[in-house]
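Here is a short briefing on a two-chain model. Keep the viewer open while you read.

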Amino acid sequence: MKKIIKYWLFLVLGGSIIYSLFNYISYYEKQQKLTTLTTEVTERYEQLNDIAETILKLELEAKEINKEKEKQIEEYQKWVRQNQILEDLLK
Amino acid sequence: MGKTKSNLRGFIKIKIKLFSSLLIFLLLILNACIIFLLLNLNYLKAYEIAIHEQLLSNIEDTHGKKLQELSTLEVKIEDLKGLDQKILTIKQQFFDNALAYETLVLQGKGTKKIAYLTIDDGPYSQYTPSFLDILDNYDILATFFLIGKPNPILEPIYKRIADSGHTIGNHTYSHAIKRGLYNSVDSFINDVIKQEKFLQTKTGVTTNIVRFPGGSMTAKSGYRTEILKRLRTLNYGYIDWNVSTGDSGGYPTPTSVLNNVLNGINDKKIAVILMHDFSYSTLLALPTMIEELKRRDYIFLPLFYESAKIIK
Ligand SMILES: [Zn+2]
């Protein structure tokens, strides 16, 4: 009887060790995945920051060009308006 | 003695069995703790992974939006940088359409008639800016037949006329009708060339339409044919007018200027209206003139080389 209990205890111990190993593997995989994800998040963040910086730079550039070309923009719009009158008449 | 030994062995065996059972039991408990810990850690990691995945998806979303924003900005900047070309293209389109519409009007079609406002002898520091203001207010393009005035005060006015999109015509440099302009073919042609160069430096525009000071009939008949031939070789066309404000002589008033135009226009399909920006009366009459002409179904166009009204 005692032997049977011991046998079962061994079996349970073996099973639980396998189960804990399985859990450890799962944990290890999750940890790996998390490391990959963290790296990816950091990289994407950096990329996002780069884009945000580029956008900021371009916005400034656009603003400057806009200011520089204010007269030309007006001139262009004037021609568009004048041309539209003719386009409408030619329809 | 033998019995004591055997009893001791039996006792040790029992102890070992008990100890091993206890050890297994302890190991089981330890393992259970480890499993508990691992399960918790796994749960935590799964949670962290979920958070990171959500974060990544948010970043991807923002990334997509930012990229869209970036490309819109890039297109905008490209557009701004290409504005010179765009202006050239739209101007070309405008003048192509102007020619098409003028042709239509000359064929008796088209719902509106055409008025070419032509403003001669400027620029003048006193009134030309006001003429330009009125044209700007009505969003109208006209034609300025300019003469050569090297006064630095006038430089911004030359520039403003060109920048506003009005057509710049050559009215000779000197406008010296009574001081030798028409004395010979060369005197006239040289004056036109001098003015072409002058206007190039002041406005960046190369002229190809000339208006004879006093009108083309002012050139003596002997020289006239030769002058026209020479203008042709220089690729110039010329234009007179068919409606005059009468603002260059006598005592014009805003009313007389307006009446001259409204009587002279006489429902012409294409009116080339002569006025001068030295005339205060014309300046005063201009807004009413524009409104009256609009009411009479006229549209306002700047002159262009290909126009049928330019004699080549
Ligand atoms: Zn003149």
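Which residue stands opposite Asn170(B) in S3(B)? Leu146(B) does. The model is predicted: local features need pLDDT of at least 70, side-chain atom pairs count only at pLDDT 80 or more, and totals for chains, interfaces and linings use all residues. Residues are numbered from 1 along each chain as its sequence is written, while chains are lettered from A and ligands numbered from 1 in the order in which they are written.

**Strands in chain B**
- Strand S2 (residues 143-146) of chain B runs parallel to S3(B), joined by 4 bridges; strands pair if DSSP finds at least two bridges between them.
- Helices (H or I, at least four residues) and strands (E, at least two) are DSSP runs, numbered from the N terminus.
- From S3(B) (residues 167-170), Thr167(B) and Gly169(B) point one way, Ile168(B) and Asn170(B) the other.
- All four are buried (20 or more other C-beta atoms within 10 Å of its own; exposed means 12 or fewer; C-beta atoms are placed from the backbone).

**Contact between the chains**
- The contact takes 52 residues from chain A and 53 residues from chain B, counting C-beta atoms, placed from the backbone, within 7 Å.
- On the chain A side, H1(A) gives the largest share, 35 residues.

**Backbone in chain B loops**
- The peptide bond from Gly122(B) to Pro123(B) is cis, with omega near 5°.
- Pro123(B) sits in the loop between strand S1 (113-120) and helix H3 (128-137).
- Asn235(B) has a positive phi near 65° and is exposed, with 10 other C-beta atoms within 10 Å.
- Asp267(B) also has a positive phi near 65°, and is exposed, with 9 other C-beta atoms within 10 Å.

Terms used. Contact = placed C-beta atoms within 7 Å.
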